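Dear colleague,

I am passing on the structure we spoke about, with the sequence alongside.

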Amino acid sequence: MLGFSILIAAYNVSDYIEECLDSVKMQTYEKWEVIIVDDGSTDDTGIICDRYARQDKRITVIHQKNHGVAVARNYLLNKAKEDYIIFLDGDDFWRSERMLTELAYAIEANCADIVAWWLVTYDTYTGKIKENKNFIEEKAETQSGAEFMESILFKKPIAFNWWGCMYAFQRSLWTNSGIMFTKGRKIREDVEVLFKVFLQAKKVWVIGKYYYSYRTNRENSATQKVSLDKLIDSLEVAERNISYLKKSCEINERLKKVLESNFASIFMRVGTCLYELDEKERKEFHKNLKDRRWMLKNISKCGTIKFRIKVMLVRILGVKTGFRLLWWREKKY
């Protein structure tokens, strides 16, 4: 019987972790394990997780000092024992009790290495719920990992998000290739590795259902706070990925181009945050942006007209003036 390892990196999510774990426990499919890394939480997250572990032997909790999500996920990958792995954030939850049952059927019927699905975003601040396919379209046949990425990125190279929570991965895709998250990475850790995992996959299947509920605008969320180290992390991820692509001989040139465009667009996404920093941090981040201004050449012909105009402004006016203008415009409107 096919088994699933549900991997949860949890940090200060005591208000949400019960809903998260209940959404797994309610599954009609029973062959699963949950492994939780309590990454140095200072609230009751660890206590709640321990209570669930006492109630269900399929749940394991590891407590450690805070090392960040990348280290926590690497630890989880090493501990996973079942055939397929699914990443679930401690402040999110699954929306269907038949999710694992339907995943197991899809995997066995299609010999899939990866199964993808859709999500809804839940704005914790406004309470609004929005369906998001992330441009993934349901198909009647499997695709290779490269074909899956091509089908999305040729249409929407800039807009696609590398959300790891939208997939069930055959565990061997990670273990056999030695793919790991970069230690110390505070943000965009998924962006740095997921495309490499997809390149290993021979068969990807898409289930057109909104299985996952993803919280946004959560207070104290690591992804919501602007900080210098996270902004630099983002630029480093983009730079490393583009460098990897340029050196690779196994990826076709068309796919390389759209992947480079996707990663280089991170430059524009984080650039307007320049003026969210204090003066000292702004100077350091400005230098980082200036050193990587070459990324703009990779995205000048991609995205919407509005996006291309923004790129042109930064190329013509320079990093400091261009992003100041875009930041002012965002604040005004």
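This is a predicted model: local features need pLDDT of at least 70, side-chain atom pairs count only at pLDDT 80 or more; totals for chains, interfaces and linings use all residues.

Residues are numbered from 1 along each chain as its sequence is written, and side-chain values use heavy atoms, with hydrogens and water left out.

The chain has 13 helices and nine strands (DSSP runs numbered from the N terminus, helices being H or I with at least four residues and strands E with at least two). Its radius of gyration is 20 Å, close to the 20 Å that the globule rule gives for 333 residues, so the chain is as compact as a globular protein of that length; the radius is taken over C-alpha atoms, and the rule is 2.2 Å times the number of residues to the power 0.38. Buried residues account for 53% of the 333, where buried means under 20% relative accessible area, exposed over 50%, and partly exposed in between, with a 1.4 Å probe and protein chains only. Of the contacts (heavy atoms within 4.5 Å) between residues at least 6 apart in sequence, 80% join residues at least 24 apart.

The largest nonpolar core contains 115 residues, and Phe4, Leu103, Trp162 and Trp174 have the most contacts inside it. Helix H8 (residues 228-247) gives this core its largest share, eight residues. Such a core is a set of buried Ala, Val, Leu, Ile, Met, Phe, Trp, Tyr and Cys residues joined through side-chain atoms within 4.5 Å. Beyond its neighbours within four places in sequence, tryptophan 162 touches several residues, including Val191, Phe195 and Phe263. Asparagine 241, which lies in helix H8, is buried at 1% relative accessibility, and its contacts, again leaving aside neighbours within four places, are Val191, Glu192, Phe195 and Phe263.

There are 18 salt bridges in the structure, each a side-chain nitrogen of Lys or Arg within 4 Å of a carboxyl oxygen of Asp or Glu. In one of them, glutamate 19 and arginine 215 meet at 2.5 Å, N to O; this pair links helix H1 (residues 17-25) with strand E9 (residues 204-216), the two residues being 196 apart. Glutamate 19 is partly exposed at 38%, whereas arginine 215 counts as buried at 10%. Lysine 256 and glutamate 253 also pair, with their closest N and O atoms 3.6 Å apart, and because they are three residues apart in helix H9 (residues 253-264), about one helical turn separates them. Here lysine 256 is buried at 7% and glutamate 253 is exposed at 58%.

On the surface, Met312, Ile316, Leu317, Leu325 and Trp328 form a nonpolar patch with about 520 Å² of accessible area together. Helices H12 (305-317) and H13 (319-332) each supply at least two of its residues, with the largest share, three residues, coming from H12. Patches are made of residues with over 30% relative accessible area and no salt bridge, like charges being joined within 9 Å and nonpolar side chains (Val, Leu, Ile, Met, Phe, Trp, Tyr) within 5 Å; accessible areas come from the Shrake-Rupley method with a 1.4 Å probe, and for residues only the protein chains shown count as cover.

With best wishes
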